Structure formats: structure tokens, C-alpha cells
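Open the model in your viewer and colour it by secondary structure.

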Amino acid sequence: ILDIKHKEHRLGGAANVALNISGLGAQPILCSVIGRDQGAKNVFDLMHKQGLNTDGVFQSTKRITSVKTRLMSGHTQLLRMDEEQTNLIDKSDRDTLLAFILGFIGTEKPDAIIFEDYDKGTIDQSLIESVIGIAQKVNIPVTVDPKKRNFFEYQGATLFKPNMRELIEGLNIPSLRSTEKDLHIAFEKLIEKMPVEMAFFTLSSDGVFITNGHENFHHPAHKRNISDVSGAGDTVISVATCALAAGLGMEEISYLSN
């Protein structure tokens, strides 16, 4: 029996990435589709409190807002309950979202674009192709934090950042290890199916590995006592994207993100 002492609402998913970017001193424009429910009201309230722009967040009567409820005791998570839909969003909702994104890119020329893909149905192949296509035309770097459904849809991205489990599942290499030899093999298999400029592999306790096929850097993890690793990948893609937008090189990008 968990005796509830405290409740707290936090932004999650791509909104957590936006929070990280804002905390680094950059200005994020969050683009997504949520429901028209209490969860959505909480999202907008939290975004306004954090000073985040809500222009690109659209509400749909055909969706519910993803809500993840974590039950904690001290620093230990006992249980997580998820309320969400993971089917692809309605075509009209997708078209509205895409029109905003393309219009924003055309008028505002952002310094970088992040695909924060959680396999929840907002991102699909046509949206990915359209956004990367226009980004390439106007020389805007695109970074990707992928999941399984769209893993090989990000051809032409600037930086592709899977974690070890996503890499093993996406490439179907169950024996993959965190050695430079294995990671080079994984990169070669990746770009055979989907050419990208840089691959940035997060390796949990083994640190990070970044490569463009010509040079690579492997940084070991900083050992710390961490009770909750939720959102670690969000922080990595946020730092990497800001560093990339600031014109830093691969070694600096991976070092700072790590």
C-alpha cells in the first residue's frame, strides 16, 4: 500500500526535450499533437509556466494525451501506469502538423530540427521525408532520437542517436557489444540501409560512441549514483543538437552530451 504524500505533474516525451533545450539557453518550438482533455490542459499549463512556445502543439478530438504515472517510494520507482494511444494520428491532424512545421521552417529558419520519436503515432514516413527534404534544401541540420517503427526512415539525417537496445533491435544484431570493432560494424550496417552523416550511439554504462565513418570518438561513462535514469536520452539529444547548431565538431558534441 502506497500512502500518497505528494503529487507532481511534469512535462514528458518531446516536451522534456524542449525543457532541456530551453535550460541550455536555446529557444525550442515544440511541434506535436495531443488530445483535448485534462492531460492536454496540464501540458499547456506546464509549458506556459516554463515559458515554452505552444504554437506548434495541436489538439485533436481523435487522440488522448499520453500520460505516464510513476509511483515512487523515496527514490525508487515501484510502478508506472501508461494512458496513451500509439496508433498513427488521423491524416487531417498529420496534415495540420506538417503544414505548421514546413511553414515555420520556411519563415523562421531554425538552427536545427530534432525528431524525438517515441513510437506514439505522431511521426510517420511521409512526415519524416517531407521535413528532412526541406531541411536539406535550406541546410538545417536534423538530429534523430529513434524508436523501432520508423528506425530506417531517417535517410539524410545529420545525426542519428539510437541507444544500445534500439541499435540491437533495429539492426537485428543480438550479439552486438560496446567495442569499437562491433560499433563500426553496426555503423556500416546502418548506413547500408539508411545513409546518415553521423551516428551517435549511447551505450549506457559504457558511455557514448560517435562516428561519421572516417573518424570516431568513444567516451567512457562518468560513474555516478543515479536512482532514476528516466529522460537520460532526452538530455543527450538536447545537448548534442545544441552543440551541433553551435558549430561544434564530433568530439565536442559527444564529450558534452556524455
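## Stop 1: strand 8

Select strand 8: Met198, Phe200 and Thr202 point one way, Ala199 and Phe201 the other way, and all are buried. Buried means under 20% relative accessible area, exposed over 50%, and partly exposed in between, with a 1.4 Å probe and protein chains only. Strand 8 covers residues 198-202 and is mostly covered, with five of its five residues buried. Helices (H or I, at least four residues) and strands (E, at least two) are DSSP runs, numbered from the N terminus.

A word on the source. This is a predicted model, in which local features need pLDDT of at least 70 and side-chain atom pairs count only at pLDDT 80 or more, while totals for chains, interfaces and linings use all residues. Residues are numbered from 1 along each chain as its sequence is written, and side-chain values use heavy atoms, with hydrogens and water left out.

## Stop 2: the neighbours of strand 8

Strand 7 pairs with strand 8 in the parallel sense, over two bridges. Two strands pair if DSSP finds at least two bridges between them. Find Phe160: Ala199 of strand 8 stands opposite.

Strand 9 runs antiparallel to strand 8, and four bridges join them. Which residue of strand 9 is the bridge partner of Phe200? Ile210 is. Strands 8 and 9 form a hairpin, with five residues between them. Click on Ser204 in the turn, where phi is positive, about 55°.

## Stop 3

Zoom out. Six strands make an open sheet in the order 5-6-7-8-9-10, with mixed pairing. Which strands are at the edges? Strand 5 and strand 10 (216-219) are, each pairing on one side only. Strand 10 pairs with strand 9 in the antiparallel sense, over four bridges. Select Thr211 and look across to strand 10: its bridge partner there is Asn216.

## Stop 4: Ser254

Go to helix 8, residues 250-257, and select Ser254. Is Ser254 buried or exposed? Ser254 counts as buried because its relative accessibility is 0%. Its side chain reaches the backbone oxygen of Met250 at 3.0 Å. Show what surrounds Ser254. Leaving aside neighbours within four places in sequence, Ser254 is in contact (heavy atoms within 4.5 Å) with Phe200, Val208, Ile210, Phe217 and His219. Phe200 and Ile210 are the bridge partners from the second stop.

## Stop 5: helix 5

Select helix 5, residues 164-171. Met164, Glu166, Leu167, Gly170 and Leu171 are buried there. They lie on the same side of helix 5, because they cover an arc of only 165° around the axis. The arc is that of the directions from the helix axis to the C-beta atoms. What do the buried residues pack against? They pack against strand 6 (142-145), helix 6 (180-193) and strand 8.

Check both ends. At the start, a side-chain oxygen of Asn163 comes to within 3.2 Å of the backbone nitrogen of Arg165. Just after helix 5, Asn172 has a positive phi of about 55°.

## Stop 6: Glu116

Move to strand 5, residues 113-116, and pick Glu116. Glu116 is buried, with a relative accessible area of 10%. The side chains of Glu116 and Tyr118 are joined by a polar contact of 3.3 Å. Such a contact is a pair of N or O atoms within 3.5 Å; within protein, one must be able to donate a hydrogen and the other to accept it, and residues adjacent in sequence count only if both atoms are side-chain atoms. Beyond neighbours within four places in sequence, Glu116 is in contact with Ala14, Val17, Ile123, Asp145, Asp234 and Ile237.

## Stop 7: the rings

Show the aromatic side chains. The structure holds seven aromatic pairs. Rings of Phe, Tyr and Trp (its six-membered ring) pair if their centres lie within 6.5 Å; planes under 30 degrees apart count as stacked, over 60 as edge-to-face and the rest as tilted. Phe100 and Phe104 are stacked, at 6.1 Å centre to centre and 20° between the planes. Both lie in helix 3 (residues 91-108), four residues apart, about one turn of the helix. Tyr154 and Phe160 are tilted, at 6.3 Å and 45°. Tyr154 is buried at 0% relative accessibility. Phe160 is buried too, with a relative accessible area of 0%. End on the cluster that ring pairs make of Phe115, Phe151, Phe152, Tyr154 and Phe160.
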